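These are notes for a colleague who is seeing this structure for the first time. Please read them with the sequence and the model open.

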Amino acid sequence: MTFLIALTLFVLAVFLGVELITKVPPTLHTPLMSGSNAISGITLIGAIATAGTDYSWLTNILVLGAVALATINVVGGFLVTHRMLGMFNRKR
Amino acid sequence: MDTFVQLGYLVSAALFILGLKRLSRPRTAVQGNMLGSTGMLVAVIVTLIGTEAAGIGIIIAGVILGGTIGVLLATRVAMTGMPQLVALFNGFGGIASLLVGAATLYPDLAEGVELEATDLATGALTIGIGAITFTGSLVAFAKLQELLTGDITQPAALRAANIGLVAMSAALGVLLVVMSGSIWMWLLALAALAAGITLVLPIGGADMPVVIALLNSFSGVAASTTGFVLGNSLLIIAGALVGASGLVLTLIMCRAMNRSLGNVLFGAIDAVAAGADGDRIYDGKVTSASADDVAMMLDTAAKVAIIPGYGMAVAQAQHAVRDLTRALEGQGKEVVFAIHPVAGRMPGHMNVLLAEAEIPYEQLKEMEHINPSFGQVDVAIVIGANDVVNPDARDDPDSPIAGMPILDADRARTVVVIKRSLSPGFAGVPNPLFALDNTMMLFGDGKAAVEEIITALADL
């Protein structure tokens, strides 16, 4: 992928993100933040793609750390969002 | 194989977009979160297939380790600990991006492989932003968890150090691009890690909602720049979406305080000498009330508005407040909650706490919706909020917080303020609301005070 195509994707996605989020009720501010944070754990696939490309001990440690931390971000983020939203929808 | 992976990423990106869209509507939010997590699952599976799971040992070890910690944190942490947890997750995303960036660049840098300037530049951004997100989030976590307490004595020095460290990081990033040596990458990481600490350390508690939202945005941007380094379209798109949504939220928070982002990060409110000024405002005009007085006032009320602030979270008073609400509703009174957008320590903090206490969200009113109707409120109960109900912000153009949108609690027929003392709020300014003729101060711990009111109501 050329840098220009990458930059195009980035700019368009930023505009899209702004449009998506402009009218969020305050009730959803926290779940939106933790849910979108879980999505930013997408760096996990970067970690997975990097694993096994180089076999020096240093990169292996960096990648192991990246996979573990990104997984915490993804799993914990989606799960805690689900837990919070469950409370919002609870009937009295 | 590459086409298959790219198509999988396209599906995943579409799921993220739909997920975020639905996550921003109350009725579809649960579904939105599901779609988001499905998108993530698709992305992981496709990546594993595409790379033929080359580093499967490391991946399995990392996923088991991270998954266990993630599940434990997400299921065990109490709702009162949510701001800290969100801060922590932001930080983990940031450091993960940093590590991926470093692990990608390091082998080539160490072997002296010629790299494109754009790869090095986006790599430098990944490492810089990832590092700031990580340590910034850790400091925010430590402050929210009250591991770091006390006032920062040298905020100006810290801000100056921060600007210096950010400039140093930028210079090291340029050196990395020009000189292409791994030493610059590590130095950049160190400088940016220090910059994250000095960025968040001088920022006070009431400004935390802005900081948390901003770090959320940073964690997305770091993921996106990682995508530039790896040439991975999904990382670029998903990271940019999160970066943008975090930025929108940051600006919503800034607007709710009538301050610019720069002012929150680098400026402090010019707190006046609150002591003397406070005495002049409060002297002889403050009415102290007992729980019985409040109960009697509530007995004749038809409409009650409760205004929660961070103090309610600190006192863990949300369940007591719920019980009071039920008691009042049992007597046929209308009870609403007036929520200021920056009440608490993260965006939506009060909503999460009240949801935990099983208060339906239809009962929570936003500032713009409740303000015009405060005139019809018989009793406004302020619990643990201060600056967000300070009428000076609206009426006194010389006030340090002039122009900050407030909840017009002072327009209610009677105002009950539950508070430990007359000490000023975060802005350090005295609050004339406490000295109004129609205000009763109920001094004490939030939870205990609300429980006393409930008992007094039952004894009437």
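1. What share of the contacts in chain A with a separation of 6 or more comes from residues 24 or more positions apart? The share is 73%. The model is a predicted one, and every value in this note should be read with that in mind.

2. Chain A has 4 helices and 0 strands, and its pattern along the sequence reads α-α-α-α. Its radius of gyration is 17 Å, well over the 12 Å that the globule rule gives for 92 residues, so chain A is more spread out than a compact globule. The box that its C-alpha atoms fill, taken along the principal axes, is roughly 55 × 35 × 10 Å. Even so, 64% of the 92 residues of chain A count as buried.

3. Next comes the contact between the chains. Chain A puts 77 residues into it and chain B puts in 94 residues. On the side of chain A that touches chain B, two or more residues each come from helix H1 (3–21), helix H2 (29–40), helix H3 (43–50) and H4 of chain A. H4(A) gives the largest share of that side, 29 residues. By type, the residues on this side of chain A are 46 nonpolar, 27 polar and 4 charged.

4. Chain B is built from 18 helices and 6 strands. For 460 residues, a compact globule would have a radius of gyration near 23 Å, and the 25 Å of chain B agrees with this. The C-alpha trace of chain B spans about 80 × 45 × 35 Å along its principal axes. Buried residues account for 56% of chain B. Of the contacts in chain B with a separation of 6 or more, 79% join residues 24 or more positions apart.

5. Chain B is divided into domain 1 (1–76), domain 2 (79–266) and domain 3 (274–459). Taken over C-alpha atoms, the centres of domain 1 and domain 3 of chain B are 42 Å apart.

6. The largest nonpolar core has 203 residues, and Val67(A), Ile307(B) and Val382(B) touch the most other members. Helix H4 (residues 57–88) of chain A gives the most to this core, with 17 residues. In general, nonpolar side chains tend to be buried together in soluble globular proteins. Leaving out residues up to four places away in sequence, Ile307(B) touches Ala338(B), Ala380(B), Ile381(B), Val382(B), Ile383(B), Ala385(B), Val389(B), Leu407(B) and Ala409(B).

7. Helix H12 (residues 291–299) of chain B can be looked at from its buried side. Ala291(B), Val294(B), Ala295(B) and Leu298(B) are buried in this helix. Seen down the axis of H12(B), the buried residues fall within an arc of 100°, so they line one face of the helix. As background, an α-helix has 3.6 residues a turn, so residues three or four places apart point the same way. The elements that cover the buried residues of H12(B) include strand S1 (303–308), helix H14 (318–330), strand S4 (379–383), strand S5 (414–419), strand S6 (439–443) and helix H18 (446–459) of chain B.

8. Two loop positions in chain B are exposed. Lys285(B) sits in the loop between helix H11 (274–282) and H12 of chain B. Lys285(B) counts as exposed because it has 12 other C-beta atoms within 10 Å. Asp437(B) is 152 residues away from Lys285(B) along the chain, yet their C-alpha atoms are separated by 7.5 Å. Gly112(B) lies in the loop between helix H4 (82–111) and helix H5 (117–144) of chain B. With 10 C-beta neighbours inside 10 Å, Gly112(B) is exposed. Gly112(B) and Ser182(B) are 70 residues apart in sequence, and 9.1 Å apart in space from C-alpha to C-alpha.

9. Asn258(B) is in the loop between helix H9 (233–256) and helix H10 (261–266) of chain B, and is partly exposed with 14 C-beta neighbours inside 10 Å. Glu358(B) is in the loop between helix H15 (349–356) and strand S3 (364–366) of chain B. Glu358(B) has 15 C-beta neighbours inside 10 Å and counts as partly exposed.

How values were computed: Residues are numbered from 1 along each chain as its sequence is written. Chains are lettered from A and ligands numbered from 1 in the order in which they are written. A nonpolar core is a set of buried Ala, Val, Leu, Ile, Met, Phe, Trp, Tyr and Cys residues joined through C-beta atoms within 7 Å. A residue is buried if 20 or more other C-beta atoms lie within 10 Å of its own, exposed if 12 or fewer, and partly exposed in between; C-beta atoms are placed from the backbone. Two residues are in contact if their C-beta atoms, placed from the backbone, lie within 7 Å. Ala, Val, Leu, Ile, Met, Phe, Trp, Tyr, Cys and Pro count as nonpolar, Asp, Glu, Lys and Arg as charged, and the others, Gly among them, as polar. The radius of gyration is taken over C-alpha atoms; the globule rule is 2.2 Å times the number of residues to the power 0.38. Domain bounds come from an automatic or database domain assignment. The arc is that of the directions from the helix axis to the C-beta atoms.
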